[in-house]
Amino acid sequence: MRLEEHPILKFERGPQIEFYFEGKAMKAYLGETIAAALHANDVKILSHSAKTHSPRGLYCAIGNCSSCLMTVNGIPNVRVCVELIEAGDDVRIQKGKGDLL
Ligand code: FES
């Protein structure tokens, strides 16, 4: 679901693009964060906790809490709540803490 209108804010949406979540093609708009694009495609589980493996989703949505760490284009520990989507991005759920580079 995406907000189409807001009484105060204006949305300036870029062109529609395609990206991949776990290998599945999905639509997004340039200018959205990866987390926003995933939520618009009904993906709410972004990671699992390293200790208890419980599902995690958006929490702070401003890049402070690390609840949304995912692997993007092979790079682990990307905070998808503040990272903008690009055409062709390969977004994957990260297992545990992710591999260190
Ligand atoms: S949801 Fe908190 S850092 Fe992304």
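**Patch, core and charges in a predicted model**

Biologist: In this predicted model, about how much accessible area do Met1, Leu3, Ile8, Leu9 and Phe11 have together?

Modeller: These five residues form a nonpolar patch on the surface. Their accessible area together is about 610 Å².

Biologist: Is Phe11 buried, partly exposed or exposed?

Modeller: Phe11 lies in the segment before β1 (16-21). Buried means under 20% relative accessible area, and exposed means over 50%. Phe11 has 41%, so the class is partly exposed.

Biologist: Which element gives the largest share of the largest nonpolar core?

Modeller: That core has 20 residues, and those with the most contacts inside it include Phe19, Ile34 and Val91. Two or more residues each come from β1, β2 (24-29), α1 (34-40), β5 (69-72) and β7 (90-93). The largest share is 4 residues, and they come from α1.

Biologist: Which residues does the network with Arg92 join?

Modeller: Glu22 forms a salt bridge with Arg92, with the closest N and O atoms 3.8 Å apart. That pair links the loop between β1 and β2 to strand β7, 70 residues apart. Asp90 also meets Arg92 in a salt bridge, at 3.2 Å from N to O. Shared partners make one network of Glu22, Asp90 and Arg92.

Biologist: Which ring does the charged end of Arg13 sit over?

Modeller: A charge sits over a ring only if it is within 6 Å of the ring centre. The charged end of Arg13 is 4.8 Å from the centre, and the ring belongs to Tyr29.

How values were computed: Residues are numbered from 1 along each chain as its sequence is written. This is a predicted model: local features need pLDDT of at least 70, side-chain atom pairs count only at pLDDT 80 or more; totals for chains, interfaces and linings use all residues. Side-chain values use heavy atoms; hydrogens and water are left out. A charge sits over a ring if NZ of Lys or CZ of Arg is within 6 Å of the ring centre and within 35 degrees of the ring normal. Patches are made of residues with over 30% relative accessible area and no salt bridge: like charges are joined within 9 Å, nonpolar side chains (Val, Leu, Ile, Met, Phe, Trp, Tyr) within 5 Å. Accessible areas come from the Shrake-Rupley method with a 1.4 Å probe; for residues, only the protein chains shown count as cover. A salt bridge is a side-chain nitrogen of Lys or Arg within 4 Å of a carboxyl oxygen of Asp or Glu. Buried means under 20% relative accessible area, exposed over 50%, partly exposed in between (1.4 Å probe, protein chains only). A nonpolar core is a set of buried Ala, Val, Leu, Ile, Met, Phe, Trp, Tyr and Cys residues joined through side-chain atoms within 4.5 Å.
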